[in-house]
Amino acid sequence: DAPGILTYTCADCGATKTEEVDFIPGDIDGNGQVNRDDVIALLLHVSMPDAFAISVPADFNGDGAVTRDDVIQLLLHVSMPDAFPLQ
């Protein structure tokens, strides 16, 4: 829930990769909090990407695209963060 180190783990081989990030994963609107406003901002982006651009990674399900599935993943995270951590 803060800028720092993000670790990726391969589901197939278990290899890990880390990178330093200067944003909070899930904080789409950049206000320092991950909440329902971020869900709305991501939904607007998915619906109208040219009108509602985002500047942070938002592929929360790891499929290589930012879609409504990522909006749902973010909504689940906002509702139940312990049960639905962001990737």
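Colleague: Which residue in E2 is the bridge partner of threonine 7?

Modeller: The partner of threonine 7 is threonine 18. Please note that this is a predicted model, in which local features need pLDDT of at least 70, side-chain atom pairs count only at pLDDT 80 or more, and totals for chains, interfaces and linings use all residues. Residues are numbered from 1 along each chain as its sequence is written, and side-chain values use heavy atoms, without hydrogens and water.

Colleague: How many bridges join E1 to E2?

Modeller: Six bridges join E1 (residues 4-9) to E2 (residues 16-21), and the two strands run antiparallel. Strands (E, at least two residues) and helices (H or I, at least four) are DSSP runs, numbered from the N terminus; two strands pair if DSSP finds at least two bridges between them.

Colleague: And at what angle do H1 and H2 pack?

Modeller: Helix H1 (residues 36-47) and helix H2 (residues 68-79) pack at about 175°, with axes 9 Å apart. Axes are lines fitted to C-alpha atoms, for helices over the stretch in contact, and angles run from 0 to 180 degrees between N-to-C directions. H1 is therefore roughly antiparallel to H2, a term for angles over 145 degrees.

Colleague: Which residues of H1 make the contact?

Modeller: Arg36, Asp38, Val39, Leu42, Leu43 and Val46 do so on the H1 side; contact means heavy atoms within 4.5 Å.

Colleague: New topic: where does proline 81 lie?

Modeller: Proline 81 is in the segment after H2. Its relative accessibility is 41%, so proline 81 counts as partly exposed (between buried, under 20%, and exposed, over 50%, with a 1.4 Å probe and protein chains only).

Methods:
Angles under 35 degrees count as roughly parallel, over 145 as roughly antiparallel, 65 to 115 as roughly perpendicular and the rest as oblique.
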